[in-house]
Amino acid sequence: MAAKGRAANGRKQRKKVLREMKSLEKRIADHAKAHLTALKTRRDETALSEALAKQIIGRMKGVLDQLPAAIKQAHECIIGGRRIANAIRVSVQKLTKSVSSRLGGDDFAVFP
């Protein structure tokens with residue numbers, strides 16, 4: 001999406017990409033909620049300790065709770081053309097990096 005800024009119709013392309021991202025976000029959020037529920041109900045089938053499972057659940061809830069605000073802020077910036085104050089911006093990137101690094105990267109499977 002960053003490369004669309006210099007194109008002649010860059011604003012229109014950025015809006016199109018955001019709309020696609022919104023539909024993907026809904027699918028990804030549903031997927032994450034399903035995994036969260038599975039982790040809560042089937043934690044005893046994993047090799048995770050109770051404390052680690054609780055930490056993962058808390059972080060996943062934190063990211064899921066911030067998703068609506070992040071989508072709204074992206075909509076305000078890209079579709080509405082309005083700026084968002086730094087004090088109220090959502091920093092989802094930091095949370096997702098910490099969850100990924102804690103789980104051992106992309107190749108970590110919780111359930112066998």
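Reader: Is Ile-71 buried, partly exposed or exposed?
Author: This is a predicted model, so the answer is computed from predicted coordinates. Ile-71 lies in helix H2. Its relative accessible area is 23%. Buried would need under 20%, and exposed over 50%. Ile-71 is therefore partly exposed.

Reader: Which residues does Ile-71 touch, not counting residues up to four places away in sequence?
Author: Contact here means heavy atoms within 4.5 Å. Leaving out residues up to four places away in sequence, the partners of Ile-71 are Lys-22 and Glu-25.

Reader: How far apart in space are Ile-71 and Leu-18, C-alpha to C-alpha?
Author: Start with the sequence: the two residues are 53 residues apart there. In space, C-alpha to C-alpha, Ile-71 and Leu-18 are separated by 9.0 Å.

Reader: Is Gln-73 buried or exposed?
Author: Gln-73 also has its place in helix H2. Its relative accessible area is 16%. The cut-off for buried is under 20%. So Gln-73 is buried.

Reader: Which residues does Gln-73 touch, not counting residues up to four places away in sequence?
Author: Sequence neighbours up to four places away are set aside. The residues that Gln-73 then touches are Ile-84, Ile-88, Arg-89 and Val-90.

Reader: Is His-35 buried, partly exposed or exposed?
Author: His-35 sits in helix H1. Its relative accessible area is 41%. That value falls between the cut-offs of 20% and 50%, so His-35 is partly exposed.

Reader: How far apart in space are His-35 and Met-60, C-alpha to C-alpha?
Author: Along the sequence, 25 residues separate them. From C-alpha to C-alpha, the distance between His-35 and Met-60 is 9.5 Å.

Reader: Are H1 and H2 roughly parallel or roughly antiparallel to each other?
Author: Helix H1 spans residues 10-41, and helix H2 spans residues 50-78. They pack at an angle of about 160°, with axes 11 Å apart. Angles over 145 degrees count as roughly antiparallel. H1 and H2 are therefore roughly antiparallel.

Reader: Is the crossing of H1 and H2 left-handed or right-handed, and how many residues of their contact are nonpolar?
Author: The crossing of H1 and H2 is left-handed.

Reader: How many helices and strands does the chain have?
Author: Read the elements from the N terminus on: they run α-α-α. The count is three helices and zero strands.

Reader: What share of the residues in the chain is buried?
Author: The chain has 112 residues. It exposes about 8300 Å², of which carbon and sulfur atoms supply 55%. Buried residues make up 22%.

Key: Residues numbered from 1 in each chain as written. Predicted model: local features only at pLDDT ≥ 70, side-chain atom pairs only at ≥ 80, totals over all residues. Heavy atoms only, no water. Axes fitted to C-alpha atoms, helices over the stretch in contact; angles between N-to-C directions. Helix = DSSP H or I, 4+ residues; strand = E, 2+ residues; numbered from the N terminus. Parallel < 35°, antiparallel > 145°, perpendicular 65-115°, else oblique. Left-handed = near helix turned anticlockwise from the far one by under 90°. Buried < 20%, exposed > 50% of the residue type's maximum accessible area, 1.4 Å probe, protein only. Areas by Shrake-Rupley, 256 points an atom, 1.4 Å probe, with all protein chains shown as cover.
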